[in-house]
Structures are given as C-alpha cells and as structure tokens.
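Work through the exercises below with the model open. Try each task before reading its solution.

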Amino acid sequence: MSEFDRSSSSKSAADSELQDFLLVERQKAQVNAQIHEFNDICWDKCVDKPSNKLDGKTESCLSNCVDRFIDTSLLITNRFAQILQKSQGGL
C-alpha cells in the first residue's frame with residue numbers, strides 16, 4: 001500500500017468518525033430543542049401562577065402534556081419511517 005493510499009484511508013476513517021460525531025451532536029440538539037418546546041407549551045398550558053411547589057393538578061397536567069407530545073412525536077417519526085421504507089422498497 002502506498003503512502004497516498006494509507007493517507008487517504010486514514011482521512012476517510014477520520015471523515016467518517018467526524019460525520020458520526022456530528023450526527024450524534026445534531027440529534028442531541030434536536031432532543032434539547034424538543035425538550036424546550038415541551039417546557040414552553042406545557043408550562044403555558046398548565047401553570048396558572050408560579051409558586052414554590054406544584055400542586056397535584058398542575059403536576060398531572062404537565063405530565064400528561066409531555067406524554068402527549070412524546071406520543072405524537074413517536075407517531076410522526078414512525079409514520080415517516082414507514083413512508084421512507086415504502087419509497088425505498090419501490091426502487
């Protein structure tokens with residue numbers, strides 16, 4: 001194997017590693033953005049006035065609100081995955 005081939009091979013491995021790292025970081029950023037969205041929407045929906053602690057009704061509302069967002073996100077993600085699989089299967 002020539003020096004060029006070894007250099008090209010290690011560069012390709014480094015590029016692949018960098019792409020994997022960037023994908024993971026992008027996914028982390030998407031999760032954080034989703035969490036902030038849950039916080040904003042569910043807080044506005046469930047919390048009438050801030051206090052030192054949450055009452056049972058508010059806590060239940062926040063939990064149900066986030067659960068519904070997670071359910072919806074999973075439903076949408078699974079639906080897109082099905083569409084993608086069908087479109088790749090037809091190729």
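**Exercise 1. The surface patch**

Which residues form a nonpolar patch on the surface, and what is their accessible area together?

*Solution.* The model is predicted, so keep that in mind throughout. Step 1: pick out the members, which are L18, F21 and L22. Step 2: take their area together, about 270 Å². L22 lies in helix 1, which covers residues 3-46. Step 4: classify L22. Its relative accessibility is 34%, so L22 counts as partly exposed; that class lies between the 20% and 50% cut-offs.

**Exercise 2. The aromatic pair**

Describe the geometry and the setting of the aromatic pair in the structure.

*Solution.* Step 1: count. The structure holds one aromatic pair. F38 and F69 sit 5.3 Å apart, centre to centre, with 45° between their planes. Step 3: assign the type. Stacked needs an angle under 30 degrees and edge-to-face needs one over 60, so the pair of F38 and F69 is tilted. Step 4: locate the partners. F38 belongs to helix 1 and F69 to helix 2 (residues 56-89). They are 31 residues apart, and the pair links distant parts of the chain. Step 5: check the cover. F38 has a relative accessible area of 9%, so this residue is buried. F69 reaches 23% and therefore counts as partly exposed.

**Exercise 3. The disulfides**

How many disulfides does the structure hold?

*Solution.* Step 1: count. There are two disulfides.

Step 1: treat C42 and C65. Their sulfur atoms are 2.0 Å apart. The angle about the S-S bond is -85°, and the link of C42 and C65 is left-handed. This pair joins distant parts of the chain: C42 is in helix 1, C65 is in helix 2, and 23 residues separate them. C42 is buried because its relative accessibility is 1%. C65 is buried too, at 7%.

Step 2: treat C46 and C61. The sulfur atoms of this pair are 2.0 Å apart. The torsion about the S-S bond of C46 and C61 is about -70°, so this disulfide is left-handed. Here C46 in helix 1 is linked to C61 in helix 2, 15 residues apart. C46 has a relative accessible area of 7%, so C46 is buried. C61 has 23%, which means that C61 is partly exposed.

Key
Residues are numbered from 1 along each chain as its sequence is written. This is a predicted model: local features need pLDDT of at least 70, side-chain atom pairs count only at pLDDT 80 or more; totals for chains, interfaces and linings use all residues. Side-chain values use heavy atoms; hydrogens and water are left out. Patches are made of residues with over 30% relative accessible area and no salt bridge: like charges are joined within 9 Å, nonpolar side chains (Val, Leu, Ile, Met, Phe, Trp, Tyr) within 5 Å. Accessible areas come from the Shrake-Rupley method with a 1.4 Å probe; for residues, only the protein chains shown count as cover. A salt bridge is a side-chain nitrogen of Lys or Arg within 4 Å of a carboxyl oxygen of Asp or Glu. Helices (H or I, at least four residues) and strands (E, at least two) are DSSP runs, numbered from the N terminus. Buried means under 20% relative accessible area, exposed over 50%, partly exposed in between (1.4 Å probe, protein chains only). Rings of Phe, Tyr and Trp (its six-membered ring) pair if their centres lie within 6.5 Å; planes under 30 degrees apart count as stacked, over 60 as edge-to-face and the rest as tilted. A disulfide is a pair of cysteine sulfur atoms within 2.5 Å.
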